[in-house]
Amino acid sequence: MTRLSADVAIIGGGLIGAWSAYFLAKRNQRVVLIEKGVVGAQSSGTNFGNLRLQGRFPGQYPLSLRSQALWEEIEELIGERCEFEQTGHLYLAFDGTEHEKIEAYAAVSESHGLAIEHLGPTELRRRWPWLSHRVVGATFSARDATANPRLVTPAVARAAKSLGATMVENCRVTEIRQAGSAFTLRTDTGIEVGAGYVINAAGAWAVAIAEQFGESAPLFPAGPPQFVTEPFPYLIEPSIQAVDGSVIFRQIPRGNVILAGYPRTAADPAANRAPVPPGKTLSAMRALARVAPTLASCHVIRVWSGIEGYLPDMIPVIGPSGTTPGLFHAFGFCGHGFQIGPGVGLCLSEMILDGGTATPLDPFSIGRFAQPVEVSAKFSAEFDTMEPPR
Amino acid sequence: MAEIVIVGAGPAGISAAELLQAHGYHPILLDEGRQAGGQGYRCPSPGLELDMAALMGSEAGKYAGLHARFAALRPHIDYRPGSLVWGIEDKLLHIVQAGVARTLRFDVLILATGAMDRIVPLPGWTLPGVYTLGGAQVALKDQGCFIGRRVAFLGSSPLLALAASQYRRLGAEIAVIADTTPFARKLAALPGLLNSPRSLLRGLAYLGDAMRAGVPVLHGVRPVAVEGDGHVEALVLRDAQGRERRFACDAVALGYGLKPETQLAELAGAQLLYDERFRLWLPKTDIDGRAAPGLYLAGDGATIGGADAAEASGALAAHAVLADLRQSRPAAEAGGLRRRVTRLRAFQAGLARAFAWPVAQIRALPDDVPLCRCENVSVGEIRLAMAQELGPVEVNRVKAMTRCGMGRCQGRVCGPALQEIVAGERAIAGADAGRLRAQAPVKPIALATAAADAP
Ligand SMILES: Cc1cc2nc3c(=O)[nH]c(=O)nc-3n(C[C@H](O)[C@H](O)[C@H](O)COP(=O)(O)OP(=O)(O)OC[C@H]3O[C@@H](n4cnc5c(N)ncnc54)[C@H](O)[C@@H]3O)c2cc1C
Ligand SMILES: Cc1cc2nc3c(=O)[nH]c(=O)nc-3n(C[C@H](O)[C@H](O)[C@H](O)COP(=O)(O)OP(=O)(O)OC[C@H]3O[C@@H](n4cnc5c(N)ncnc54)[C@H](O)[C@@H]3O)c2cc1C
């Protein structure tokens, strides 16, 4: 048996765990991160790569903007750029109701200081002549960006490691004991970790950890289907999203178009499976051909999804445990954790080292599930028919 | 009556359809190709005048026989050419037929999807003029054209000599037939090859023909490079004595044996196991081809066995289907078919030694050789990614980090070599390097694929 000791033990080597390790190690904490598989292979490594600022939950803007500032200096922070590109994000409306919706999003974004361009059909045609002429209006945010999710988490973990953090892969935390102010983490490989603080960043598997401490959240695992086409001459700069969710797409400089679409499909975290039903492949393809008819002859070559944790109010849990001092949760990112990942890691490090963070995180407390939470309207629109768990 | 669907109209699929039809069933036979016959017995495009008797040589009789049998069978089954099966979901096939997406329910599925070439990259292999051996044969049989006027055949496969003789018979010049397996290893494999003396003699006859015609036939070569300025001009290699030899040519055909097309089998629920002899992941079946309830595999898509084994295993799978549907014992002829399939597949295992997959050569490939053609990823990029702190240690993660195997062919071309490079870098067994997972679409499908009305 190996026993490791640390100031902070982190459960889960996704983006959240990796950034937490990075910011803690940077401030000279002894960090041990434990990952049941390999670093960055789950949601964090399979996501769409959107760093979207428009249309977020209003209470999340301070965190989101702080996080974007970190993305903007990713190369200085970790020494690798990970294909970070500030390409902007375009929301499309196909009718009046949708137009009102994106304008309402824009008002929130603008109130937090984000610059939004409001575009009518003429301007759209001038800038993106290949877009469907059925688009009635759009909003564009130039600060939104994309990065390559497959590269980011391992790169952040490497940077954390070079700052002294210990990364343990292929090792699952099975049990956590607390004696006084110290935690002991047991694992399936026999490694034991003693630590003063624990961060639960176990993604779609996080509730099992929380429940060991007498608290829970109605988390359910699902994933949006993702598709990629063969390379097509480079044409599409921004990341583009039909606000009805039927299609979100972007093109990488190599030429491949990556697309995604709702509804999301239930995933199986026990079997580690996130299926993409072939019917969804076809409907997303057709949705893209409607928005960008010029791509109609392109071929889809590959599909995938991931196992993401969703909560009924479609916002994550971030912050201290309600039952156990020294334990912090950060999970249930409801499909938007890639963008806020660095910010969440930074805030967690501040909560542990400074006793708090200036970034407002109240809406994300795990305690909110003590009462029934309001089910987000996104529920019926963005998932296969399923009952939100209570 | 149970809906029986067969995918693949090669010798295996046709034989299965024939037997089921003879027992009163009306199977649906799907093939993405426009014409039946599969790979080995591919026939020319309509309107193309091609002397198939000359092209097929000693196999002309079998070629004509299979096509005659199919012509007789065709009116009695539901044959749907031009139907690409791209996904499987429970008991539902997803098909694209003439640009229209359709689905098809089945109770019983026989997959007879055949095989494709296995490739080892070498410096210069992405130059125009380099083809797979299969590609060279498709050009000839389907289009009636040569990949070049003076063609070099490189690899390790009995099909090298076969394809070279087809090219020569139709008037192409053969620059060299170069095999990477040393002659001594071929002799050592002889006992296994005696399982099918006829095939052995046929193989030797092809080589004999080539040598009599003055074509250089080399064994135990080490490929050095394909050279050329914008197009193939020469194949350079080291012969068994270590001398560098340069063969002027305008095309190169590469083939290192075959690799079963197992993607659909995997999607349909077959389990894949690593086979040390072939160094390939092969679907697990019983001798009759049962892979899972209602799922049967036949032909080269199950295990490489060649055209004769494909026919026998197709019939065998059909017998298994009949026995399972009727809950009866398999017909008496199944016993003979089993012996035949077992013998022919043992012959192929012998071939896998006589025409060995060159593990050491692959692992020693120089860093600058492109491994993944679709995404342009070099061997060195794989090694670099793996050597990093927290670097990937198995093929799916290597793919995620480097894009190797992520492109249009989905790793069907670079996968086997990638497997060896990964195993080599870590000094682990081939199986421990992992397996590139199959997913739908198994082949690219166009965005404009139209929706069909409910089937
Ligand atoms: C298909 C898809 C597309 C998406 N697109 C976007 C997007 O465009 N933009 C965006 O902002 N967000 C997107 N997201 C969401 C984003 O990917 C996630 O919110 C984010 O990656 C969550 O990071 P994480 O570290 O919490 O989770 P994960 O990456 O899942 O990491 C959790 C880790 O914990 C490990 N673990 C679990 N239990 C244990 C245990 N007991 N012991 C040890 N280790 C354990 C897991 O193996 C896993 O690696 C998308 C998600 C998916 C699935
Ligand atoms: C390129 C090539 C050339 C060959 N040439 C020779 C030769 O000249 N002589 C020889 O003896 N052997 C040759 N072989 C060996 C060949 O595998 C066997 O001879 C024989 O053809 C195997 O028969 P089969 O029925 O198992 O498969 P095949 O004959 O390969 O038939 C499989 C069929 O399945 C169809 N198919 C596959 N996937 C799908 C899908 N997803 N949807 C719809 N249809 C699908 C294919 O279009 C094909 O028609 C060749 C093999 C290859 C790959």
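Guide:
**The interface of domain 1 and domain 2 in chain B**

About 1,800 Å² is buried between domain 1 of chain B and domain 2 of chain B, with 56% of that area given by carbon and sulfur atoms; buried area is the accessible area (1.4 Å probe) that two parts lose on being put together, summed over both. On the side of domain 1 of chain B, the residues that lose the most area to domain 2 are B:Arg42, B:Leu55 and B:Phe347, together 34% of what that side buries.

This is a predicted model, in which local features need pLDDT of at least 70 and side-chain atom pairs count only at pLDDT 80 or more, while totals for chains, interfaces and linings use all residues. Residues are numbered from 1 along each chain as its sequence is written, chains are lettered from A and ligands numbered from 1 in the order in which they are written, and side-chain values use heavy atoms, with hydrogens and water left out.

Domain 1 of chain B covers 4-116 + 259-351, and domain 2 covers 119-256; such bounds come from an automatic or database domain assignment. The centres of these two domains, taken over C-alpha atoms, are 28 Å apart. In contact (heavy atoms within 4.5 Å) are 23 residues of domain 1 of chain B and 20 residues of domain 2 of chain B.

Across this interface there are 4 salt bridges, each a side-chain nitrogen of Lys or Arg within 4 Å of a carboxyl oxygen of Asp or Glu. A salt bridge joins the side chains of B:Arg202 and B:Glu59, at 3.3 Å from N to O.
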